[in-house]
Amino acid sequence: MRDPARIPRMLETIRKVWETHPDLRLGQLLVNAMRPSRPCPQVFYFEDDELEPRIAAYPSPDLPVHDADEVVLRLSRAEAVVLMCFLMRFRDRDLLAIKHPAEEQLLHDLAALVQQYVQDELGEPGWTELLEASRQSVLTDETGLRVN
């Protein structure tokens, strides 16, 4: 069992740091402090005025497991590399026919999200080889057979 005495200590530490940086959301503060290897946009961008009643009602079977307006996509690393190249090409050269400003915003947002996963490789000497290997991986299923 975890030591219950840690709770006041942790809350006091969070209070002190948060009061020093009051413009941060609680989730943003926690993600920034933890520095996870994978981004946590669900936690990072969650607004405090939405979080507070959920914490007050915890645990509640009436709270949704996830946001009904949310779609979560899972990509392999190879798929992320290929998608990043695709998004950058359209973002940087305006070759895509944008029909509404929301489409352009989504393109930039999606590129920023995917870039977090492949930013270390971008611009590296081996980027072209990584991209080609990733393209081949995306076109090949787990048995090694080419997907049409």
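Ser-134 touches Ala-78, Val-81 and Val-82, with residues up to four places away in sequence left out. Contact here means heavy atoms within 4.5 Å. Ser-134 sits in helix H7. Helices are DSSP runs (H or I, at least four residues), numbered from the N terminus. Ser-134 has a relative accessible area of 5%, so it is buried. Buried means under 20% relative accessible area, exposed over 50%, and partly exposed in between (1.4 Å probe, protein chains only).

A word on the model itself. It is predicted: local features need pLDDT of at least 70, side-chain atom pairs count only at pLDDT 80 or more, and totals for chains, interfaces and linings use all residues. Residues are numbered from 1 along each chain as its sequence is written, and side-chain values use heavy atoms, with hydrogens and water left out.

Now go to the start of the chain. Two packed helices are described by the angle between their axes and the distance between the axes. The axes of helix H1 (residues 6-20) and helix H2 (residues 26-34) come within 11 Å and cross at roughly 105°. Axes are lines fitted to C-alpha atoms, for helices over the stretch in contact, and angles run from 0 to 180 degrees between N-to-C directions. H1 and H2 are therefore roughly perpendicular to each other (65 to 115 degrees). Ile-14, Val-17 and Trp-18 in H1 meet Leu-26, Leu-29 and Leu-30 in H2. By class, this contact has six nonpolar, no polar and no charged residues.

What follows H2? A loop lies between H2 and helix H3 (41-44), and Pro-39 is in it. Pro-39 is partly exposed, because its relative accessibility is 25%. Its C-alpha atom is separated by 8.4 Å from that of Leu-113, 74 residues apart along the chain. Pro-39 is also in contact with Gln-116 and Tyr-117, leaving aside neighbours within four places in sequence.

Arg-35 is found in the loop between H2 and H3 too. Most residues other than glycine have a negative phi. Arg-35 is not a glycine, yet has a positive phi of about 50°. At 70% relative accessibility, Arg-35 counts as exposed.

Terms used. Helices (H or I, at least four residues) and strands (E, at least two) are DSSP runs, numbered from the N terminus. Angles under 35 degrees count as roughly parallel, over 145 as roughly antiparallel, 65 to 115 as roughly perpendicular and the rest as oblique. Ala, Val, Leu, Ile, Met, Phe, Trp, Tyr, Cys and Pro count as nonpolar, Asp, Glu, Lys and Arg as charged, and the others, Gly among them, as polar.
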